[in-house]
Amino acid sequence: VLRMFVVSRAASQAVATAIASRVSTKAGAVPMMWGVPGMQMGRVVVPRRLLSTSTPTPTPTPTPTPTPAMSYKDYFLSTHFWGPLANWGFVIAAIVDIKKPAEQISGAMTSALCIYSILFMRFAWMVQPRNYLLFACHFSNESLQLYHLSRKILSEVEKSKEPVVAEQ
């Protein structure tokens, strides 16, 4: 990782000299301050590795701090509860649609709901703290929408296999 910092105008001459001594130049050419890479409008952006001669010490990776548990009141007043609760409406609608004939199912809408649910399943898993209620809601919706999509596809396949009766 290249660590950068900005040097003030007063220190730019000393920094430019230090960098210039490390920059390879053509034979006999003297590097000028404004020819130094990273010099912009009187300020120098210098990689730290060029300023120190010692080997850099690796910075320790910070350990993630655990998020405090939410109280019941905070949970029931947050979107971690009300968002999934509202999304259960999709699941209820999909359960009601089980009774409908397959010809009434919209393939495009069912596909869109499948994509929507799988994306939000991932979101519910990755957000901290994990939202298990949202994950369960979208898992249920994904299962039902895939069932409806399979019904729609099987209906279309059966419809294409039926012989066409010509009217006379």
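Helices here are DSSP runs of H or I with at least four residues, numbered from the N terminus. The model is a predicted one, so local features need pLDDT of at least 70 and side-chain atom pairs count only at pLDDT 80 or more, while totals for chains, interfaces and linings use all residues. Residues are numbered from 1 along each chain as its sequence is written, and side-chain values use heavy atoms, leaving out hydrogens and water.

Let's start with the helices around a pocket. α4 (79-96), α5 (107-126) and α6 (132-161) each give at least two residues to the lining of the second largest pocket. A pocket is an open set of points on a 1 Å grid over the protein atoms alone, where a 1.4 Å probe fits, with protein on both sides within 12 Å along at least five of seven lines; lining residues have an atom within 4 Å of a point. Of its 13 lining residues, the closest to the centre are Asp97, Ile105, Thr110, Leu113 and Gln145.

Now for the rings. Rings of Phe, Tyr and Trp (its six-membered ring) pair if their centres lie within 6.5 Å; planes under 30 degrees apart are stacked, over 60 edge-to-face, and the rest tilted. The whole structure holds ten aromatic pairs, and here are two of them:

| Pair | Centre to centre | Plane angle | Type |
|---|---|---|---|
| Phe76 and Phe81 | 4.8 Å | 85 degrees | edge-to-face |
| Tyr116 and Phe120 | 5.0 Å | 50 degrees | tilted |

Tyr116 and Phe120 sit about one helical turn apart, because they are four residues apart in helix α5. Tyr75, Phe76, Phe81 and Trp82 are linked into a cluster by ring pairs.
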